[in-house]
Amino acid sequence: MIYLFIGPPGSGKGSLSKLCVDKLDWAQLSTGNLCREHIARQTEIGKQIDFAIKSGKLVSDKLIVDMVRDWLEQSFSQKGSVIFDGFPRTVPQAVALEGLLNRSFSSSKLKIIRFFLDDDVIVDRLTNRYICRNDACQAVYSLAEGSTLAPKKHMVCDECGGELIRRSDDTEASIRERLKTYHDHEHNLLDFYRNNGKKVLELSVAKPLDRVFEEFKVLVGLGSL
Ligand code: AMP
């Protein structure tokens, strides 16, 4: 099964993906993580996309689709479920994905999950978000008071011991730009799927992550509350 996680920045797509990876043994493809890996490794692609990412703009469809194609060729296994976290974000990406998957995959195995949350809550969440500096890890934490996503040790990653840092695009200006970009594309993207006969499953994420995980499993037919 392939799950497409569609939702605004800061809605917890990455955090829910990580729970699914750890607890259900699924795989995760995060195009945001792939982009940050390119930037950290200072590859040619990394140099081209650095500015777009910092300023909260989308990376070009072509570069993103190339990254996804490479990932599918190198890491895709049909055995377990896979989450596409933050891809597709535009209609051309969704069209390209159909092409990439049709080669080897039945489209009935695609589930589309839309995460929804108020923009004000998102801005608050992102201003408290920290990630692991290790680009092979990039685990996500929150330093908001009382958050269940707090690291066990202050500013140290639970997973690999790496230092926690702010993302370069978690500035207020970039957050506002990313939200605007998301809202500009969301409607057309969801219409693309609905017009192609796909159901869009709605997941409310204004609640603690463990609760979101339980509701997600029910939504996709995997468990009961
Ligand atoms: P994320 O980690 O999903 O919040 O993505 C961080 C940034 O990476 C985004 O603001 C974009 O600049 C870029 N990015 C990630 N995924 C995509 C995508 N599917 N299309 C275009 N840009 C993307």
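User: Which helix gives the most to the shell around the ligand?

Analyst: Helix α2, residues 31-40, with 3 residues. Keep in mind that this is a predicted model. The shell counts 15 residues, and Thr 31, Arg 36, Lys 57, Arg 89 and Gln 93 come nearest. By type, the shell splits into 5 nonpolar, 4 polar and 6 charged residues.

User: Why is Phe 51 called exposed?

Analyst: Exposed means over 50% relative accessible area. Phe 51 has 67%, so it counts as exposed. You'll find Phe 51 in helix α3, residues 44-54.

User: How do you know which residues of α3 line one face of the helix?

Analyst: Start with the buried ones: Gly 46, Ile 49, Ala 52 and Ile 53. Looking down the axis of α3, these buried residues fall within an arc of 130 degrees, so they line one face. They pack against α2, α4 (61-75) and α7 (172-195). Glu 44, Lys 47, Gln 48 and Phe 51 are exposed on the other side of α3.

User: What comes after α3?

Analyst: Gly 56 follows α3, and its phi is positive, near 80 degrees.

User: Is Gln 138 buried or exposed, and how do you know?

Analyst: Buried means under 20% relative accessible area. Gln 138 has 6%, so it counts as buried. Gln 138 lies in the loop between β5 (129-132) and β6 (140-142). Its phi is near 55 degrees, a positive value in a residue other than glycine.

User: And what about Asp 25, buried or exposed?

Analyst: Its relative accessible area is 66%, and the cut-off for exposed is over 50%, so Asp 25 is exposed. Asp 25 sits in the loop between α1 (13-24) and β2 (27-30). Asp 25 has a positive phi too, near 65 degrees, and isn't a glycine either.

User: What kind of peptide bond joins Phe 87 and Pro 88?

Analyst: A cis one, with omega about -5 degrees. Pro 88 is in the loop between β3 (82-85) and α5 (91-102).

Methods. Residues are numbered from 1 along each chain as its sequence is written. This is a predicted model: local features need pLDDT of at least 70, side-chain atom pairs count only at pLDDT 80 or more; totals for chains, interfaces and linings use all residues. Side-chain values use heavy atoms; hydrogens and water are left out. A residue is near a molecule or strand if one of its heavy atoms lies within 4 Å of it. Helices (H or I, at least four residues) and strands (E, at least two) are DSSP runs, numbered from the N terminus. Ala, Val, Leu, Ile, Met, Phe, Trp, Tyr, Cys and Pro count as nonpolar, Asp, Glu, Lys and Arg as charged, and the others, Gly among them, as polar. Buried means under 20% relative accessible area, exposed over 50%, partly exposed in between (1.4 Å probe, protein chains only). The arc is that of the directions from the helix axis to the C-beta atoms. Contact means heavy atoms within 4.5 Å.
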